[in-house]
Amino acid sequence: MKTTFFKIFAFLLLTVSIYSYVGQLVPQFEEYPPAKQNITVSTSPTDLANIGEEIVRVKGGCLICHKVTESGNVRGPDLRQAAGKAATRKEGMGAEAYLLESITQPDVFLVPGYPKMMPSALKPPANLNLAEVKAVIAYLQTLGGIEVTVKIEASDIAAAKAAGPVHKGKGAMGTYGCVGCHKVEGEGGEVGPELTKVGATRTPEELLQKIVNPAAWTTAGYQPGIMPVEIGKSIPEGDRHEIVAYLMGLSGKTYSPTGAESPWSHEGVRLGLVILVFNIIMLAALAIANRRTKGAA
Amino acid sequence: MANSSVTPSARLALRGTYKGVMKISLMLAATYLIAQGLTSYLPAADYRSLFGFSNRTAVWVIAELHLMFAAFVLGVPIFAVITEVIGSVTNEKRYDDLAKEFTKLLAMAYTLTAILGCVLLVLFFALYPKFTGYMTKLFKPTWLVYIVLIFGEVIVAYLYWYTWDLLPGTRKKWHLLLGVLVNIWGTALLFVADIWVTFMMSPAGIDDAGNLTNLWAAINNPTWMPINIHRLLANVAFGGAIVAAYGAVRFLNAKSDEERARFDWMGYVGSFIAIGAFIPLPFAGYWLGREIYQFSQQMGVSMMGGSFAWLWILQAMLIGGLFLASNFYLWLGMGRIPGAERYVKFQVPMMILLTIGFIVWATPRSIMATGTEMSAMGGSHHPFLGLFGVMAAKNTAVNLMILTTFFSFMLYRRGNRVPTVSWAAVGKITQALVIAAASCVVLGYGIYSYYVPSNIRIGFSIYQVSAVLAAMAVFVAIDIPLLKGAREIGAIRWGQIPARAQYALFFLAISFTWLMGLMGYIRSGIRQYWHVYGRVMDESNNAYTMTHGHATLIVSGITILFFLLVSIVFWMATRNDHKAATE
């Protein structure tokens with residue numbers, strides 16, 4: 001029996017080794033997530049075009065369908081000609097406006113001969129903001145040998161999107177009305193102290209305590225007792241931690257909202273109790289069966 | 001009162017079932033306590049590594065092993081019940097024994113599946129706490145349903161096993177009902193688990209910030225049902241292959257001719273189930289692929305024409321190998337069928353056809369090639385096969401391979417029988433014409449595909465597949481009455497098959513397992529650096545797409561681990577047999 005086992009095991013190793021070997025023969029490459037780009041109103045046209053090229057290659061995923069060299073994909077139009085032909089595509093529309101529209105609303109106008117298949121770059125999975133779209137336009141202009149004319153406005157950068165629910169503290173501050181009294185990142189009321197840099201002087205624990213118990217401490221220069229107790233307590237625990245993570249992040253500190261959940265969640269305990277009761281019922285049934293078997297014997 | 005008493009066997013059944021319930025209760029309690037303990041003990045983080053080991057690889061290995069065992073325990077009951085029904089209808093005890101033999105493998109496999117599932121859950125909470133927290137909150141109701149289903153599955157599965165000999169004769173129908181219930185609960189479990197996986201691929205029912213807007217939309221996301229069906233079929237094929245491997249192990253270790261005959265038959269039935277469920281699998285795969293494309297062109301193109309395209313060449317190699325091995329097994333099996341020597345002449349042409357199909361299918365396509373890849377191939381198309389490397393030829397090749405394997409099986413089936421019905425000649429000619437017509441349709445559309453654009457060409461695969469399926473259905477429909485009352489040349493000499501045929505069965509099981517690992521990687525990998533595609537980014541250090549070589553090494557490691565664990569299941573089943581024999 002042992003010999004058979006070893007023979008089978010050797011056969012297993014041989015077969016998976018062949019498959020692994022073939023896996024080594026195909027082209028090998030790694031693909032990394034897009035690097036975070038820092039676009040500002042003063043980014044130079046050359047830097048903007050360079051950032052745009054990186055977006056086209058990685059984050060935008062444009063080269064899956066388009067080509068920027070002779071050997072690329074041809075599902076979509078050749079991007080080397082995109083900027084050059086942009087002014088002639090739609091009557092009455094300038095080159096830059098056309099490029100912006102074709103990237104953000106690709107279905108509005110289709111280049112003849114190409115199907116409707118491109119998603120808006122503002123939507124997932126590319127999920128670009130306007131500054132990034134303009135960087136792409138700068139790259140297309142450079143690629144086409146045209147002068148970079150596109151300009152970054154402050155509002156383009158402000159439209160930058162969060163990655164998702166992992167960073168929703170900012171939204172939560174709006175939802176629960178915090179910004180009604182506090183200013184954060186230049187927006188909000190002035191009844192309470194500005195919170196943009198509160199993370200520099202306070203620990204996450206202090207901030208969490210302050211949310212649920214406003215009397216815990218008061219910033220110098222502000223009157224105690226103004227902040228309502230009910231608001232903080234009405235914010236779900238998870239969202240309180242999200243808000244703290246966001247505020248700490250504004251001061252360049254990291255705080256993970258994870259680990260913040262109560263270790264003894266009510267649902268878990270309740271479910272455990274139901275399972276326990278179920279076990280007891282089954283044990284009782286077993287005990288009755290035992291007794292009846294003995295009785296029958 | 002006589003009917004209020006409980007027989008010792010019924011008490012044993014109840015005790016066995018409770019053991020299962022207790023095991024799962026303790027495992028869930030331990031998982032909950034460990035997960036909660038780790039959550040409060042470990043310092044806060046979005047991601048953690050496992051003692052310096054990659055969190056992604058740790059989760060990948062355990063998740064894949066859990067999935068493989070789950071596939072086995074969900075797939076085997078499907079054909080165990082069907083076999084039991086056959087036994088019940090035909091009154092042939094050997095079918096009932098075989099179904100029981102299948103089911104015997106399940107008890108230990110259930111325990112391993114549950115342990116791996118619990119480890120996986122702990123790893124999720126410990127290594128991906130932030131993202132796991134998000135998913136558990138989003139899908140809280142489905143988790144509750146899942147736990148209820150786990151208990152339901154454990155209860156009915158253990159009752160099904162322990163009441164096997166308790167419900168004979170007229171009460172057999174109640175046992176069959178239990179078997180059906182095992183499958184209903186099992187399928188429901190699979191469907192619930194698929195919700196989480198498919199949501200990550202094709203999210204729906206959430207807003208841009210990832211907040212839930214519609215739970216049903218999140219559940220019924222675009223890839224949910226295609227994956228449900230694909231996995232259901234794959235589970236049967238996988239379960240069949242593992243059961244066949246079990247039969248092969250027992251055959252090689254058999255001490256008597258009777259035992260050899262028994263396990264030879266089991267191996268044959270297992271391989272038949274595996275191949276039977278495997279044939280419609282590519283069609284379910286097409287459906288899934290289409291839904292992926294419809295959800296996101298970008299994701300679809302990444303899968304078929306981008307980063308993951310080369311892995312389909314590996315897939316083609318594996319499936320080609322599976323076709324060759326299953327045909328090889330059937331041809332060797334014909335050696336134990338008196339009269340089957342009449343069909344030996346077909347083997348060489350069939351092998352040539354399969355080999356050509358294999359080569360065509362495994363040839364890289366030009367569309368996915370980068371400049372470097374094209375220079376490695378010597379041009380935009382393969383230097384030798386040229387335009388035979390494109391999809392038009394591949395679809396034609398795979399359909400002809402399916403048809404050839406089907407034909408092989410039909411010859412095997414007819415091996416020792418000579419039709420005696422008056423219309424036998426007409427029937428056989430009609431069958432040959434049907435196969436020829438299907439081949440012409442497949443070839444014709446294959447050639448025509450070269451002259452039409454790709455969006456029209458993709459539609460041709462439906463005609464090719466339909467022709468093959470129709471031909472198979474008509475062939476079988478003729479075959480059943482044709483072989484009714486057929487003259488038997490001699491009985492099949494079960495057990496008289498070369499040992500190398502058993503290695504063909506191992507090859508099937510290993511290749512199915514490796515293929516499952518590879519497909520799982522592609523399905524998960526096409527999300528690239530997203531936890532939830534396009535919505536929640538993976539911001540860990542492991543959010544990159546690794547090299548194909550690295551990925552295949554991990555898949556190989558998982559396959560080896562799986563078989564080491566499966567050998568424990570086999571050993572336990574064999575040990576119980578020996579114990580029973582000694583007693």
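The structure is a predicted model. Chain A is more spread out than a compact globule, and its contact with chain B involves 55 residues of chain A and 75 residues of chain B. The largest nonpolar core holds 187 residues, and another core, lying apart from it, has 32.

**Chain A: elements and overall form**

- Chain A contains 12 helices and 2 strands.
- Along the sequence of chain A, the elements run in the order α-α-α-α-α-α-α-β-β-α-α-α-α-α.
- With a radius of gyration of 30 Å, chain A is well over the 19 Å that the globule rule gives for 297 residues, so it is more spread out than a compact globule.
- Taken along the principal axes, the box filled by the C-alpha atoms of chain A is roughly 95 × 80 × 35 Å.

- The chain is divided into domain 1, residues 45–158, and domain 2, residues 165–250.
- The centres of domain 1 of chain A and domain 2 of chain A, taken over C-alpha atoms, are separated by 40 Å.
- Of the 297 residues in chain A, 30% are buried.
- Counting contacts in chain A between residues at least 6 apart in sequence, 52% join residues at least 24 apart.

**Contact between chains A and B**

- Chain B supplies 75 residues to the contact, and chain A supplies 55 residues.
- On the side of chain B that touches chain A, helix 1 of chain B (residues 8–41) gives the largest share, with 15 residues.
- The residues on this side of chain B comprise 41 nonpolar, 27 polar and 7 charged.

**Nonpolar cores**

- In the largest nonpolar core, of 187 residues, those with the most contacts inside it are B:Ala109, B:Ala237, B:Ala241, B:Ala245, B:Ala274, B:Leu508 and B:Ala509.
- Helix 2 of chain B (residues 55–90) provides the largest share of this core, 18 residues.
- At least three residues of this core come from each of domain 1 (2–326 + 499–575) and domain 2 (338–491) of chain B.
- B:Ala109 is in contact with B:Phe69, B:Phe72, B:Val73 and B:Val569, leaving aside its neighbours within four places in sequence.

Terms used:
Residues are numbered from 1 along each chain as its sequence is written. Chains are lettered from A and ligands numbered from 1 in the order in which they are written. This is a predicted model: local features need pLDDT of at least 70, side-chain atom pairs count only at pLDDT 80 or more; totals for chains, interfaces and linings use all residues. Two residues are in contact if their C-beta atoms, placed from the backbone, lie within 7 Å. Helices (H or I, at least four residues) and strands (E, at least two) are DSSP runs, numbered from the N terminus. Ala, Val, Leu, Ile, Met, Phe, Trp, Tyr, Cys and Pro count as nonpolar, Asp, Glu, Lys and Arg as charged, and the others, Gly among them, as polar. The radius of gyration is taken over C-alpha atoms; the globule rule is 2.2 Å times the number of residues to the power 0.38. A residue is buried if 20 or more other C-beta atoms lie within 10 Å of its own, exposed if 12 or fewer, and partly exposed in between; C-beta atoms are placed from the backbone. Domain bounds come from an automatic or database domain assignment. A nonpolar core is a set of buried Ala, Val, Leu, Ile, Met, Phe, Trp, Tyr and Cys residues joined through C-beta atoms within 7 Å.
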